[in-house]
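My notes follow in the order I made them.

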Amino acid sequence: MVIHQMLGTRISDTLTLQTDCLFQKDGEDLIRIRQMKTSTYIKPISRELAMLIQKAIRYTKEKYGETEYIFVSDKNPERPMQYSALQGRVIRLIYREDIRDDNGRIFGFGTHMYRHMYGVRLTEMHLDDWTIARLLGHSSLVNVKYYRKMSNQTLADETRQARHQMSLKILECLDGWEEEYEQIRQDAGGQ
């Protein structure tokens, strides 16, 4: 799941990663992702993620021998692991460890939340739409808008300075106005 989260791919794309997906070009670690829904694309990844994927490849090779896929079916290692098998394992873990959400309910599980958070983080890093689309494997900008919805905390953090500057302008404009506006200045803490 860590690899899935760090790649920001659809779960079908993560589960069908092939053992030859990693390569280097000009000193950069790259991964080839064969999307089930569209086409193959290549994107840069961190050295740490490349090392983690290499570890997963070695684990699969030690356990199942040479395989086409990194994540394979226990029953038939010639096939990729199915989402239902992954989901079953995670749900059993959730129940065994009694993992609950903020409201005390047993934690729900869905893999697309990882892809969505990956996209949101890219927007919070102020990457342009084309870069975000490419890193998510989109061929157009149409779906990037779904990741552009910033969290309230990010919005507050990133607009704090602008809001402060606007407040100073308001207070500056109030200079010399009647006493009824003096309360605004006092409430603002004499900024």
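I started with R47, which is partly exposed, with a relative accessible area of 35%. I kept in mind that this is a predicted model.

**Entry 1: the R47 pair.** I looked up the partner of R47. The side chains of R47 and D29 meet in a salt bridge, at 2.7 Å from N to O. D29 lies in strand β2 and R47 in helix α3 (residues 47-64), so the pair ties together parts that are 18 residues apart in sequence. Is D29 buried or exposed? I found D29 at 8% relative accessibility, so it counts as buried, the cut-off being under 20%.

**Entry 2: a second pair.** Next I turned to D20 and R34. Their side chains form a salt bridge, 3.5 Å from N to O. D20 sits in the loop between α2 and β1 (22-25), and R34 in strand β2 (residues 28-34), so this bridge ties together parts 14 residues apart in sequence. I noted D20 as partly exposed, at 42% relative accessible area. R34 counts as partly exposed too, at 28%.

**Entry 3: a third pair.** I then checked R89. It forms a salt bridge with D74, and their closest N and O atoms are 2.3 Å apart. R89 is in helix α4 and D74 in the loop between α3 and α4, so I wrote down a link between distant parts of the chain, 15 residues apart. R89 is partly exposed at 37% relative accessibility. D74 is partly exposed at 44%. How many salt bridges are there by this rule? I noted a count of nine.

**Entry 4: helix α4.** I moved on to the helix that holds R89. Which residues of α4 are buried? I listed L86, V90 and I94. Seen down the axis of α4, they fall within an arc of 70°, so they line one face of the helix. What covers them includes α2 (11-15). On the other side of α4, I found S84, R92, Y95 and R96 exposed. Just after the helix, D98 takes a positive phi of about 50°.

**Entry 5: a nonpolar patch.** Last, I looked at the surface. L93, I99, F107 and M113 form a nonpolar patch there, with about 300 Å² of accessible area together. L93 belongs to helix α4. I noted L93 as partly exposed, with a relative accessible area of 35%.

Key
Residues numbered from 1 in each chain as written. Predicted model: local features only at pLDDT ≥ 70, side-chain atom pairs only at ≥ 80, totals over all residues. Heavy atoms only, no water. Buried < 20%, exposed > 50% of the residue type's maximum accessible area, 1.4 Å probe, protein only. Helix = DSSP H or I, 4+ residues; strand = E, 2+ residues; numbered from the N terminus. Arc of directions from axis to C-beta. Contact = heavy atoms within 4.5 Å. Patch = residues over 30% accessible without salt bridge, like charges linked within 9 Å, V, L, I, M, F, W, Y side chains within 5 Å. Areas by Shrake-Rupley, 256 points an atom, 1.4 Å probe, with all protein chains shown as cover. Salt bridge = Lys/Arg side-chain N within 4 Å of Asp/Glu carboxyl O.
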